[in-house]
Amino acid sequence: MILDVLRFTGGICIAAGVFFSFAAVVAILRFPDVFTRLHGSSKALSGGAILILLGALPYTGTVSGAMKLVLIAAFFLVSNPMASHAIARAARKRGKEENGQ
Amino acid sequence: MVLMGFAVSVFLFCLGLFTVLTRRSAFKTVIGLMLMESGVLLLFVSWAYIPGGGPPILPLQGTGVDPLPHALTLTAIVIGACDIALAFAFIMKLERFEKSVDVDRFRRLRG
Amino acid sequence: MNVSLLAVLYLFIAVTALVAVLLEDLLSAFITLSFTGVLMATVFALLRAPDVALTQAIINSGLVTSLLLVAYSQTRKTPHPPEVCDECPSWLQVKVPAFVCSVLGLLLFRGLYSLAGERSLPEASAHYLARTLEETGALNVVGALLLDYRAFDTLGETTVIFAAVSGVSILLSGGRRVQSGHGLSYIVKRGMALLTPFILLYAASILFLGHLTPGGGFPGGSVFATVAILMCVVYGTGFEASRISSKSKEILEAGGAILFVLVGLLGIAWGAGFLSNLPAPFSAGTPGSLLSAGNMPLLNIAVGLKVGAGLSSIFYAMIKILELEDD
């Protein structure tokens, strides 16, 4: 009974995560500039991926599987902003301060 | 499901062959090679699939899928990566000599 | 449910492969190809092939994409050639090769269609699935296949890796003045310093538990090579060469091959065949523990050393002749 409620909540989290990832894709396609695209997509993607991973927690059978998901989410939380920072810094250095491509 | 896998792998193989045949950039040739290898890998893994089987890790849940093509596919993946790396080394070296990556310009060994 | 998911994934694989071929911008084509690799890894996981999915994701979408990007940035300054051959007549440019490839595709599919009937396990595979535990002591059947039943093929594959590393090193040796890059910014350097021990732990767990869980020497060695590549990119090639010098990479690579052959010769010394596992004096141990399955952990380590050192040597040879800007 409690598992069903948890699974329902997990499903909602996964759906919200999918929506945020979709928003990240829309940000890449629709924003005019490198920096705005990066800003929109990296924020939305971090949130989306974390929500999907945490939403999959009630569906794993064992505690070790759940711990693995939490570890993957933590790793992603550390590495995705780092990667976006590296891209933004490289774009800045290439002289895209104006409205470039 | 297996038939779909066969169709997609044949499609990938023929697409890679088309790329190798028609494109002029050496990088596109390498992309075509990678697609051909990917087609063959997909063929092996689709071939190994038995409907209703579990992954080949003991203890088995029910029957297992065929593990022999999986071993061949692992070898093929690593060898594919190595030959792609060698192809890139060739391209980098050729670019230094010929100053272009156009395969129509590599005519030194002709005739 | 599973069939429709696989159908969607197959459709996306075909579409992204087509896009990767037709795109003119090479960078976008490479990223699309890496995305095709990730989709194929997902399909492999759904087709119950966890070993293959892991290796495909790490090698084909991670390592090969970084090699692609290095080779592309090396040749960035030369002008991009036109797409198809200008001197050929127009019917030969696209139409005839497309026709020939479609005919070939239809013939191949016709041949495969007649083979896709009743799927049953071949005799050899049934033997492997049934008897792996008592004949090798391992739980991972694919790992047992690679390192016990068909270990000689794995030895041949390490020879192929050695040939590729030698070829790349010879081709890209000498010539230019080596200029070390400065790596990325301070934030990325500190973040990488936080993450690297965990990535190394992950690589070690794939490598050492290769006889129990999906993984083994090839994915484990590739993740080690990925750590070396990350260090090259984030900290600069000078830093990476001073921490793990090229000499030590050569020693590790050769050491892996020598370890493999020595373990095999140990089998001959005891009167069983070359590379034999349980007939030679390697104990099977309790199934499921770390020190089980005879000589498979040793062979996994040997293969992992070989693959990791080889792939990182290839990357280092490619990137050190690149004049890196202050990034």
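**Reading the helices and contacts of a predicted model**

Trainee: What makes α12(C) largely enclosed by the rest of the structure?

Mentor: This is a predicted model, and the count settles it. Of the 24 residues of α12(C), 23 are buried, so the helix is largely enclosed by the rest of the structure. Buried here means 20 or more other C-beta atoms within 10 Å.

Trainee: How do you know that the span of α12(C) agrees with its number of residues?

Mentor: Helix α12 of chain C runs over residues 296–319. At 1.5 Å a residue, its 24 residues should span 34 Å. The end C-alpha atoms are 34 Å apart, so the two agree.

Trainee: Why does Arg48(C) count as buried?

Mentor: The cut-off is 20 or more other C-beta atoms within 10 Å. Arg48(C) has 23 such neighbours, so it counts as buried. Arg48(C) sits in the loop between α2 (26–46) and α3 (50–74) of chain C. Its phi is near 60 degrees, a positive value in a residue other than glycine.

Trainee: Why is α1(B) called roughly antiparallel to α2(B)?

Mentor: The two helices pack at an angle of about 160 degrees, with their axes 7 Å apart. Angles over 145 degrees count as roughly antiparallel, and that makes α1(B) roughly antiparallel to α2(B). The crossing is left-handed. The residues of this contact divide into 16 nonpolar, 9 polar and 1 charged.

Trainee: What is the peptide bond from Leu58(B) to Pro59(B), cis or trans?

Mentor: Cis, with omega near -5 degrees. Pro59(B) lies in the loop between α2 and α3 of chain B.

Trainee: Which chains share the most contacts?

Mentor: Chains B and C, of the 2 pairs of chains in contact. Their contact takes 71 residues from chain B and 83 residues from chain C. On the chain B side, α1 (2–22), α2 (26–47) and α3 (68–98) each supply at least two residues. α3(B) gives the most, with 22 residues. By class, that side of chain B has 49 nonpolar, 13 polar and 9 charged residues.

Trainee: How many residues of chain C are in contact with chain A?

Mentor: 9 residues of chain C, meeting 9 residues of chain A. The chain C side has 6 nonpolar, 2 polar and 1 charged residues.

Trainee: How do you know that chain A and chain B do not touch?

Mentor: Contact needs C-beta atoms within 7 Å. Chains A and B do not touch, and their nearest C-alpha atoms are 15 Å apart.

Definitions and conventions: Residues numbered from 1 in each chain as written. Chains lettered and ligands numbered in written order. Predicted model: local features only at pLDDT ≥ 70, side-chain atom pairs only at ≥ 80, totals over all residues. Nonpolar A, V, L, I, M, F, W, Y, C, P; charged D, E, K, R; others polar. Helix = DSSP H or I, 4+ residues; strand = E, 2+ residues; numbered from the N terminus. Expected span 1.5 Å × (residues − 1). Buried ≥ 20, exposed ≤ 12 C-beta atoms within 10 Å, placed from the backbone. Axes fitted to C-alpha atoms, helices over the stretch in contact; angles between N-to-C directions. Parallel < 35°, antiparallel > 145°, perpendicular 65-115°, else oblique. Left-handed = near helix turned anticlockwise from the far one by under 90°.
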